[in-house]
Amino acid sequence: MKSIITKIKPYSDIPGPKPLPILGNTWRLLPLIGQYDVSDVAKLSSLFYQQYGKIVKLSGLIGRPDLLFLYDANEIEKVYRQEGPTPFRPSMPCLVKYKSEVRKDFFGKEGGVVGVHGEPWKSFRTKVQKPILQLHTVRKYVEPIEMVTNDFIQRMTQMKDSNNEMPKDFDNEIHKWALECIGLVSLDVRLGCLDPNLSPNSEALKIIQAAKYALRNIAILELRFPFWRFFPTTLWTKYVKNMDYFVEICMKHIDAAMERLKTKTVKNENDLSLIERILAKEPDPKTAYILALDLILVGIDTISMAVCSILYQLATRPEQQEKLYQELKQVLPNNEPLTPEKLNQMLYLKAFVKEVFRMYSTVIGNGRTLQEDSVLLGYKVPKGVQVVFPTLITGSMSEYVTKPQEFKPERWLKSNIEEKIHPFASLPYGYGARMCLGRRFADLEIQVLLAKLIRSYKLEYLHKPLDYKVTFMYAPDGELKFKISKRNE
Ligand code: HEM
């Protein structure tokens, strides 16, 4: 027993960039003079691993706890499994400030799930989790999401140029599709984002811009020196204005949904949409307002960046795309409408998506703030430290995944038993009680889009290969000028 205790090394021994007196490590993240480019957090995370190994401490960050990067799937598993009933994900301090200080009047005691912790998080999540994750709620959305997606694909055919290529800002169009989907799920409304003649003052375009603005600036607001904590910087003031706009939009559409519900004939729960279920159970519409806000805040950029990445991989991997097409032809011989049963048969499609997430994880890492003192990789780590799980790196480590540099969707198929994949090396949606609340909808939206698009069109990318980069999410950096060609059968 004694020998084990003496082996535990002190926290101060954990390797990492050395903080400078007074400035700490924040200077490394400051624009211009900083050593690291925070606009590419993926490179930073990979650099730390190469320089320091499986555990790396970034300490002395002004205004925030130490960050501890952990590149070990067994230890990541340990942290997840010990996280207790109210896991603490250290995300979005700006949203925390907005919800708990700036608009405390509105959010009150139960401010939703994103950026909320402890009992208030648990109580809110318990209220909304069941309807959101229930399979029969999600099944109801196959048809509406297919309709949105059909409109999107039709729009793609109108957008293509004389070379049958998408415009250079095609990622914006994907954003519009994502917003149209999230509008259906969280606000019960078709926002009309796919209208080809969207006016610059339209609500849909304003929401897209607001969402983009809020999310893309989070890395800057949160990782660089947090001036906004001390006084309202220009970026912070704009952030607050944007958030206020979201709140307003959510209230407007949820109020309308509530009015419709009053006159709706309901025979059983299955007649209700997700938001109607919440409204039927919770007399105070605030739960629905706040839920809608949270879903919109995290459900647009995540899904649209994931789709940019998945489409890019499909377009640049003709062999795998052909396999997917053959599967789709078999499941949908007459290109018939989708059903949950048909989606269930698309095993290669799901494996392809998992493989993209493993090699190019859209959310490059997850994390937990330790709520108890712990021992990680032989070091004592005090509670309060923010442990980062760099999924993007661990998903490509050969000790956890067989031949990780090979892009091989088949590794995810059950028949492939010789493939090694550590269950905690690649977790695109996180794990445990705090796992992604929108994952079933995210999967559904991705599956519907791929099934509809690849069943009818061949997708190519005939330009210089793109690098991946993190703005907020990890995605190809550049113009997604995909070429689409109609398939004959
Ligand atoms: C491919 C797209 C997506 C990815 C990769 C993704 C990934 C994640 C990850 C890694 C987390 C943290 C989980 C944890 O701490 O263990 C998370 C949380 C969350 N996600 Fe997603 N997500 C996606 C799409 C969505 C969508 C479409 C929605 C909404 C409909 C959504 C709603 C949420 C919410 C509300 C949380 C916070 C849950 C909580 O803290 O209780 N996500 N997501």
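## Surface, salt bridges and a pocket

F231 counts as partly exposed because its relative accessibility is 44%, where partly exposed means between the limits for buried (under 20% relative accessible area) and exposed (over 50%), with a 1.4 Å probe and protein chains only. This is a predicted model, in which local features need pLDDT of at least 70 and side-chain atom pairs count only at pLDDT 80 or more, while totals for chains, interfaces and linings use all residues. Residues are numbered from 1 along each chain as its sequence is written, and side-chain values use heavy atoms, with hydrogens and water left out.

F231 is found in the loop between helix 11 (218–223) and helix 12 (234–262), helices being DSSP runs (H or I) of at least four residues, numbered from the N terminus. Together with F227 and F230, F231 forms a nonpolar patch on the surface, with about 330 Å² of accessible area for the three residues together.

The salt bridges come next. With a salt bridge taken as a side-chain nitrogen of Lys or Arg within 4 Å of a carboxyl oxygen of Asp or Glu, the count comes to 28. The table gives three of these pairs.

| Pair | N to O distance |
|---|---|
| K127 and E110 | 2.7 Å |
| E282 and K127 | 3.8 Å |
| E173 and R155 | 3.1 Å |

K127 and E110 meet in a salt bridge, and since K127 lies in helix 6 (residues 118–133) and E110 in the loop between helix 5 (104–107) and helix 6, the pair ties together parts that are 17 residues apart in sequence. The side chain of K127 also meets that of E282, and this pair links distant parts of the chain, 155 residues apart, with E282 in the loop between helix 13 (274–281) and helix 14 (286–299). K127 counts as partly exposed at 24% relative accessibility, whereas E282 counts as buried at 17%.

E173 is buried at 6% relative accessibility, and R155 is buried at 9%.

Finally, the largest pocket has 31 lining residues, and the closest to its centre are K350, K354, R440, D443 and Q447. A pocket here is an open set of points on a 1 Å grid over the protein atoms alone, where a 1.4 Å probe fits, with protein on both sides within 12 Å along at least five of seven lines, and lining residues have an atom within 4 Å of a point. The largest share of this lining, eight residues, comes from helix 18.

Definitions and conventions. Helices (H or I, at least four residues) and strands (E, at least two) are DSSP runs, numbered from the N terminus. Patches are made of residues with over 30% relative accessible area and no salt bridge: like charges are joined within 9 Å, nonpolar side chains (Val, Leu, Ile, Met, Phe, Trp, Tyr) within 5 Å. Accessible areas come from the Shrake-Rupley method with a 1.4 Å probe; for residues, only the protein chains shown count as cover.
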